[in-house]
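Look at what each one touches and which residues it hides.

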Amino acid sequence: MNTTNPLFKSQIDLSNIRAVWLDVDQTLLDFDQSARYALIKTFERYHLDWKDEYFEIFLRENGKLWDQIEDGHLTRPQLRKIRFQVMFKAWQIPFDPPVEFEQYFSYDLHHCAFPMEGANQALDYFESLHLPLFIISNGPMEGQCNRLEMGGMLSRFTRVFTSESLGVAKPDPAFFQQALAQTNRDLHTSLNPDQILVIGDSWKADISGALACGMPALWLRTNRKHDPFEVTPHPEVVSADDWKEALEALSHCHQ
């Protein structure tokens, strides 16, 4: 274990954990790589010249839009209507994107999958501990399930919880409360919040939501460079730069 890393904490009692909830984007699947792939394909469809600097701008502006969604100030349908109006203005490209631009981008985004390095090994580790796995995501149900299937991961999970299926988005406590109730129904048990380990890349959506509900959390700090959710780590949260470091920390907790 890397004890020189001040963010590296080992406060999780794995012997108490009975289920694991995992986020998808930048946790199990590489959203950045998928988004870049989809953007380039959509640019090609409209015969637009792609420049690498557009991608950093996309990450920054898309992060801002998702921040508004998780604050309750923007809905996902609204995002789909305005996302590329915002992008082309930020890119300073004189192009008025048709409605189909978002549709083509979303289709390509949800029909590719690039697993995060070490993600499958992490799932193997949890399965070796006989811990049932669940997805918690603010992404669209169909798109996330399709990407997880393409990544060879979907069959590992007992259930997929999304903001679409629950009618509320992380970090709203209602998301976690509804997911907990359904988890208990699926497992025919009565787990307490502190028996569920939450793992995600977004401090705001995943980690703060878990802490507010009394759930232990592992912050996988693989987040996008321009993601506005990053904050100073909570002292009670295990954090890691990647899955290799996360598994090292969890193995230490399990000893």
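Buried means under 20% relative accessible area, exposed over 50%, and partly exposed in between (1.4 Å probe, protein chains only). The model is predicted: local features need pLDDT of at least 70, side-chain atom pairs count only at pLDDT 80 or more, and totals for chains, interfaces and linings use all residues. Residues are numbered from 1 along each chain as its sequence is written, and side-chain values use heavy atoms, with hydrogens and water left out.

Start with helix H9, residues 203-212. Helices (H or I, at least four residues) and strands (E, at least two) are DSSP runs, numbered from the N terminus. Seven of the 10 residues in H9 are buried. They are Trp203, Lys204, Ala205, Asp206, Ile207, Gly209 and Ala210. Their cover includes H2, strand S2 (133-137), helix H8 (173-187), strand S4 (196-200) and strand S5 (217-220); contact means heavy atoms within 4.5 Å. Glycine 214 follows H9, with a positive phi near 80°.

Now turn to helix H4, residues 99-109. Phe101, Glu102, Phe105, Ser106, Asp108 and Leu109 are buried there. They lie on the same side of H4, because they cover an arc of only 165° around the axis. That arc is taken from the directions from the helix axis to the C-beta atoms. Val99 and Tyr107, on the other side of H4, are exposed. Helix H1 (31-45), H2, H3 and helix H6 (141-150) are among the elements covering the buried residues of H4.

Finally, take H2 (residues 53-70) and H3 (residues 76-91). They pack at an angle of about 145°, with axes 10 Å apart. Axes are lines fitted to C-alpha atoms, for helices over the stretch in contact, and angles run from 0 to 180 degrees between N-to-C directions.
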